[in-house]
Amino acid sequence: MPGAGIVGYGVYLPIYRIKISEIARVWGKKADVGIEEKSVAGPDEDTATMAVEAARNALKRAGVNPKEIGAVYVGSESPPYAVKPTATIVAEAVEATPETTAADYEFACKAGTAALQACVGLVSSGQIKYAMAIGSDSAQCRPGDALELTAAAGAACYIVGSASNECLAIFEGLYSYTTDTPDFWRREGKPYPSHGGRFTGKPAYFRHVLAAAQGLMRKLNLTPQDFDFVVLHQPNPKFPMQAAQELGFSPEKILPGLIVQHVGNTYSASSLIGLAAVLDQAKPNQRILVVSYGSGAGSDAFSLKTTEVLESKKPLAPSVEYYIKRKVLIDYGTYSKLKYLGG
Amino acid sequence: MRKVAIIGVGITKFGELWWSSFREIFIEAGIQALGDAGISGRDIEAMYIGNMSAGQFIRQEHVACLIADQAGLNPIPCTRVEAACASGGLALRQAIIDVASGMHNIVIAAGVEKMSDVPTEGAVGALASASDQEWEAFVGATFPALYALMARRHMHEFGTTEEQMAMVAVKNHDFANKNPVAQYRSRITVEDVLKSPPVCTPLKLLDCSPISDGAACVVLAPADEAKKYTDTPILVAGSGHATDTLALHSRKSLTRLDATVEAARRAYEMAHISPSQVQVAEVHDCFTIAEIMAIEDLGFCKKGEGGKMTEEGQTNLGGRIVVNPSGGLKGKGHPVGATGIAQAVEIVLQLRGEAGKRQVEGAEIGLTHNVGGTGGTAVVHVFRRMN
Amino acid sequence: MAAPPRFWREIPSRYNLIGTRCRNCGKVFFPPRYICPNCRRKGNIEPYKVKGRGKIVSFTEVHSPAPGFEKQVPYVLALIELEEGCRVLAQLTDLAGHEVKIGDEVEMVFRKISEEGEVICYGYKARPVKSS
């Protein structure tokens with residue numbers, strides 16, 4: 001056992017939503033990705049501002065002194081600066097500075113879980129008391145591209161502490177599966193990413209998610225029946241539903257953590273917001289499997305066991321459902337303007 | 001301290017003076033004032049210049065030196081006075097104190113601003129430097145925005161209407177139409193104001209004074225020597241200057257400028273008069289709401305009744321007190337540093353009986369009111385005809 | 001708009017609503033003041049974090065922007081009276097068609113304020129609180 005757990009969690013979604021059917025209408029496409037609406041960052045929002053609100057929510061649940069946070073890591077593929085860390089902005093805004101380490105993580109949509117792994121390591125080693133991992137993205141995509149039907153904005157934050165009766169969930173184990181697979185990329189200076197079309201399926205998402213899940217279960221000597229929930233990276237509903245089924249999980253275990261149909265693909269926040277949705281509903285002593293996926297490619301898998309403490313932590317900050325319901329619909333014109341202003 | 005009088009005045013046209021530089025407009029106003037006072041440049045002993053932002057508008061600091069130099073008046077002492085839009089009024093006060101103290105006898109108070117050499121956004125930005133940079137300008141506040149906050153609060157607390165505010169602009173344009181140096185000579189209607197594009201709600205374009213170039217100049221002398229120079233010296237009966245917080249968020253009230261109240265109180269006390277004795281006033285109408293608040297804060301009507309007083313025509317010719325017969329900042333123009341001096345020029349003309357079609361009949365006591373920023377500085381002067 | 005050192009110096013106030021308080025008379029100042037105007041030298045100024053909740057005292061919709069704020073037009077500025085009694089000027093955010101009224105409750109959130117000169121200035125904006 002790693003010797004670490006989660007002492008606080010928090011999410012943030014911007015207020016704006018656009019219907020996928022509206023985007024499809026403008027481009028003469030079919031809105032058949034299984035997503036209703038996606039979230040859109042406001043003109044004064046970016047990866048840093050969303051990360052800060054998610055982090056402040058996590059702190060409300062954790063109830064720890066921010067000066068005792070010894071690491072702040074932000075995972076994103078849309079940081080506000082090409083050179084200057086987002087993590088220092090966040091660390092300052094949660095009052096964790098100056099006695100803390102900070103860095104930005106990059107690995108497409110699994111940057112957030114990579115940050116989380118590092119936190120688990122630092123805390124388990126006894127070097128620091130609490131560590132903060134954030135996945136936050138305001139996803140960029142070329143107008144008219146297939147990605148425009150799914151790319152969204154959001155953030156999630158997890159505060160890790162040593163496994164103790166402070167934790168609302170304990171890490172049982174970590175396992176990762178990584179290869180050099182060019183399914184999705186963006187070169188420096190180019191405004192929008194490119195992707196490999198159908199190549200992003202079996203050789204990319206499915207290969208790594210399945211391998212990571214199976215690897216973790218093998219390592220911990222567990223089977224799908226031992227888990228109450230499974231949360232997978234969700235670029236759309238179809239991929240995680242199919243992967244869950246192939247792994248042998250029944251639908252009612254994946255549905256509570258599946259939120260992509262309401263908010264779209266929040267990239268580095270995707271599996272982490274899904275996990276938060278599960279934590280909002282889970283009872284004590286339930287086991288959760290979380291598997292992220294980042295193009296390029298890799299998956300990080302975690303097994304978490306909830307504790308008695310979870311119940312009292314839930315109401316201390318807004319739930320995922322609160323943010324899903326807090327929405328204002330915009331049309332494609334307004335969406336384009338927001339995208340342009342967001343830079 | 002001895003009494004001080006104004007013995008000469010000069011003023012340029014106000015507007016976008018494309019063909020005139022900062023140096024040229026000052027010289028023009030100065031020459032006029034000297035001619036009006038019947039003195040020569042050699043008689044001038046000191047100068048006080050109101051100028052808010054030559055540094056931002058024409059990249060020139062050290063303007064007092066520039067002006068003394070260009071006027072051919074080296075080596076006399078020349079001081080630049082800055083208090084945002086109250087620079088002119090404060091320069092006048094400093095000049096008065098100089099003569100009253102006995103330091104000098106013939107002193108010039110002048111104001112000059114050249115705002116049109118930068119694009120409008122540049123001028124808006126320069127004006128915004130009179131607000132709190134860290135806590136107002138930083139979050140996107142401009143001057144119209146800050147006065148708009150006061151306007152909305154005034155409407156909320158007293159029921160002042162946008163129509164009443166518009167009536168201020170209509171009256172002042174009417175007066176400007178009769179003033180040969182005014183920037184705007186055309187009349188407008190209440191509907192014109194209400195239909196003009198929003199600047200910062202509830203203020204619209206025609207609620208706001210313009211960006212202008214211009215200069216004005218007055219010559220001061222000891223009152224008991226004034227008759228040597230002119231048959232119509234005008235006595236400075238009272239002078240008051242007060243400060244309030246820079247930022248709106250620190251004010252005690254959003255609908256009252258405490259600096260105006262206090263500066264006026266000091267000026268009335270020194271002049272031994274009450275507000276009801278003032279017959280003509282040039283007040284600081286940078287925005288229409290500012291005139292409404294000014295006539296309340298100067299004691300011409302009760303707090304909250306400024307809109308009604310305007311609507312009833314009580315601030316027009318024939319009313320209880322004629323306000324802004326020059327056209328005010330709104331109609332005459334607002335070259336920031338010159339405004340405070342220009343107000344004094346108008347009152348002097350009124351008290352001399354030389355105001356032509358805008359003349360307030362039999363005016364004996366006049367007042368000028370000059371505000372800096374959103375009310376952080378206020379300077380009030382009371383003038384009286386010397387018999 | 002703010003040069004990096006000038007912006008950086010105020011980060012505790014801009015990011016975390018750290019103002020000051022006079023220990024002598026108890027008055028809270030946000031934005032911070034460095035001497036208490038009531039107590040002056042008898043005062044005892046210390047840092048003080050305000051909660052960031054308050055009510056709208058006045059507001060305006062800005063159509064003619066400050067330099068650097070052109071892309072945000074129209075934006076709404078509000079003067080907010082915080083719970084601690086002091087007032088602060090802030091832009092409203094996440095309005096999304098909500099009709100602003102004097103008396104509306106707001107909470108301060110962390111947002112981008114301006115991006116002139118490439119360094120992004122973050123700070124506080126006010127978001128309407130829906131009375132549930």
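Biologist: In chain B, at about what angle to β4(B) does helix α13 run?

Modeller: The model discussed here is predicted. Helix α13 of chain B covers residues 336-352 and lies across β1, β2, β4, β7, β8, β9, β11 and β12 of that chain. Its direction relative to β4(B) is about 125°.

Biologist: Which strands stand at the edges of the ten-strand sheet of chain B?

Modeller: This open sheet has mixed pairing and the order β3-β2-β4-β7-β1-β8-β12-β11-β9-β10. A strand at the edge has a single partner, so one of its sides is left without a neighbour in the sheet. The strands in that position are β3 (78-81) and β10 (322-323) of chain B.

Biologist: Which residue of β11(B) stands opposite Val280(B)?

Modeller: Strand β9 of chain B, residues 280-282, pairs with strand β11, residues 365-372. The pairing is parallel and extends over three bridges. Opposite Val280(B) stands Gly366(B).

Biologist: About what angle does the direction of helix α4 of chain B make with that of β4(B)?

Modeller: Helix α4, residues 87-100, packs on the sheet of chain B. The strands touched by α4 include β1 (4-11), β2 (46-50) and β4 (107-114). The angle between the directions of α4 and β4(B) is about 165°.

Biologist: Which element gives the largest share of the side of chain B that touches chain C?

Modeller: In this interface, 27 residues of chain B are in contact with 26 residues of chain C. On the chain B side, α5 (120-128), α6 (143-158) and β5 (198-200) each give two or more residues. By class, that side has 16 nonpolar, six polar and five charged residues. The largest share, seven residues, comes from α6(B).

Biologist: Which element of chain C gives the most to the side that touches chain A?

Modeller: Here 16 residues of chain C are in contact with 17 residues of chain A. At least two residues each are supplied by α2 (11-16), β7 (105-114) and β8 (121-128) of chain C. The chain C side divides into seven nonpolar, four polar and five charged residues. The most, four residues, comes from β7(C).

Biologist: What is the bridge partner of Ile18(C) in β3(C)?

Modeller: Chain C has an open antiparallel sheet of three strands in the order β2-β1-β3. Both β2 and β3 of chain C stand at the edges with a single partner strand, so each has one side without a neighbour in the sheet. Strand β1, residues 18-22, pairs with β3(C) over five bridges. The partner of Ile18(C) is Lys49(C).

Biologist: Is Tyr267(A), a residue with positive phi, buried or exposed?

Modeller: Most residues other than glycine have a negative phi. Phi of Tyr267(A) is near 55°, and this residue lies in the loop between α8 (260-263) and α9 (270-281) of chain A. Because 31 other C-beta atoms lie within 10 Å, Tyr267(A) is buried.

Biologist: Is Arg40(C) buried or exposed?

Modeller: Arg40(C) is found in the loop between β2 and β3 of chain C and has a positive phi of about 45°. Since 10 other C-beta atoms lie within 10 Å, Arg40(C) is exposed.

Key: Residues are numbered from 1 along each chain as its sequence is written. Chains are lettered from A and ligands numbered from 1 in the order in which they are written. This is a predicted model: local features need pLDDT of at least 70, side-chain atom pairs count only at pLDDT 80 or more; totals for chains, interfaces and linings use all residues. Two residues are in contact if their C-beta atoms, placed from the backbone, lie within 7 Å. Ala, Val, Leu, Ile, Met, Phe, Trp, Tyr, Cys and Pro count as nonpolar, Asp, Glu, Lys and Arg as charged, and the others, Gly among them, as polar. A residue is buried if 20 or more other C-beta atoms lie within 10 Å of its own, exposed if 12 or fewer, and partly exposed in between; C-beta atoms are placed from the backbone. Two strands pair if DSSP finds at least two bridges between them. Axes are lines fitted to C-alpha atoms, for helices over the stretch in contact, and angles run from 0 to 180 degrees between N-to-C directions.
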